[in-house]
Structures are given as structure tokens and as C-alpha cells.
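Work through the exercises below with the sequence and the model side by side. Try each task before reading its solution.

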Amino acid sequence: LLWDETKGRYCKYYNGRIGGKMRSPEEFTEPPGILDESMDVYSMGNNFYGILTGLWPFYLDDNDAAQRKMVRGERPYVDERWRRRSYAEGRLVEIMELMWEHDPDRRITIFEVVRFLRK
């Protein structure tokens with residue numbers, strides 16, 4: 001992403017229609033929304049889900065069904081036992097939930113992710 005010196009933030013851009021289960025909900029709206037780096041944070045949460053569980057997000061659903069769920073605000077199932085299994089696994093669940101914030105403007109930034117994981 002390009003940095004806008006005047007506004008002091010990254011420039012948003014239009015990504016068009018794409019598929020898959022690892023994307024952010026705003027990428028699946030009709031028409032696709034204006035996108036920024038927060039979509040990558042959401043996708044990183046999906047990668048953490050795979051690391052934690054060994055599964056793809058919405059692994060029982062096809063891509064279209066998974067995308068509809070994400071747009072409605074649903075998130076992949078996380079068994080509550082992951083929160084208590086170990087400190088590291090509990091922290092991964094916490095950060096995934098922050099990364100999966102539906103509103104991209106309220107979603108945790110990548111810099112906040114780094115600070116969270118360093119604790």
C-alpha cells in the first residue's frame with residue numbers, strides 16, 4: 001500500500017471480486033468495499049486459526065457459504081478449550097478475535113498485533 005504523506009495514513013484501494021476463505025468480509029460485499037491494510041490483518045487472523053487448529057476457517061463450508069457467513073459477521077468455530085489449553089494458545093484465540101473485528105475501521109492494526117504478541 002502507498003503512504004499518503006498529506007493525510008498521514010495508507011491509501012485505500014479497490015481490489016475487485018476475489019474468492020477463498022482466507023479473505024476479509026469487506027472483500028465479499030457487493031460491490032466490494034474500499035479496502036486497506038486492515039483486510040490483511042483479518043486474513044492473518046485466519047492464518048492464526050489454521051496454526052492453532054490445523055483446519056481451514058469454515059472447513060465444512062464451500063467458499064460461497066463461508067463468504068456469506070463472514071459478510072453476516074460469523075466467525076470460524078473456536079473450541080473454548082483452546083483458551084485454557086496453554087498460555088500461548090489462549091493468546092492466539094484472543095488476538096484472532098481482535099483481528100476478526102467485522103468493522104475494518106475498528107479492527108486491530110498490525111502494529112497492535114505485534115505489541116500484543118510481544119507481551
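**Exercise 1.** State what share of the residues of the protein counts as buried.

Solution. Buried means under 20% relative accessible area, with a 1.4 Å probe and protein chains only. The model is predicted: local features need pLDDT of at least 70 and side-chain atom pairs count only at pLDDT 80 or more, while totals for chains, interfaces and linings use all residues. Residues are numbered from 1 along each chain as its sequence is written, and side-chain values use heavy atoms, with hydrogens and water left out.

**Exercise 2.** List the order of the elements from the N terminus on.

Solution. Helices (H or I, at least four residues) and strands (E, at least two) are DSSP runs, numbered from the N terminus. There are five helices and two strands. Their order is β-β-α-α-α-α-α.

**Exercise 3.** Describe how helix α1 packs against α4.

Solution. Step one is the geometry. Axes are lines fitted to C-alpha atoms, for helices over the stretch in contact, and angles run from 0 to 180 degrees between N-to-C directions. The axes of α1 (residues 38-53) and α4 are 8 Å apart, at an angle of about 150°. Because angles over 145 degrees count as roughly antiparallel, α1 is roughly antiparallel to α4.

Step two is the contact, meaning heavy atoms within 4.5 Å. From α1 it involves V41, Y42, M44, G45, F48, Y49 and L52, and from α4 E89, L92, V93, I95, M96 and M99. Step three is the class count: 11 nonpolar, one polar and one charged residues. Here Ala, Val, Leu, Ile, Met, Phe, Trp, Tyr, Cys and Pro count as nonpolar, Asp, Glu, Lys and Arg as charged, and the others, Gly among them, as polar.

**Exercise 4.** Do the corresponding analysis for α4 and α5.

Solution. The axes of α4 (residues 87-99) and α5 (residues 110-118) come within 11 Å and cross at roughly 165°. Therefore α4 is roughly antiparallel to α5. R91, E94, I95, L98 and M99 of α4 meet V113, F116 and L117 of α5. The classes are six nonpolar, no polar and two charged residues.

**Exercise 5.** Is Y42 buried or exposed? Find what Y42 touches.

Solution. Y42 lies in helix α1. Y42 counts as buried because its relative accessibility is 0%. Leaving aside residues up to four places away in sequence, Y42 touches R23, S24, P25, M70, E74, R75, M99, W100, E101 and R107. Y42 and H102 are 60 residues apart in sequence, and their C-alpha atoms are 8.7 Å apart.

Terms used
Angles under 35 degrees count as roughly parallel, over 145 as roughly antiparallel, 65 to 115 as roughly perpendicular and the rest as oblique. Buried means under 20% relative accessible area, exposed over 50%, partly exposed in between (1.4 Å probe, protein chains only).
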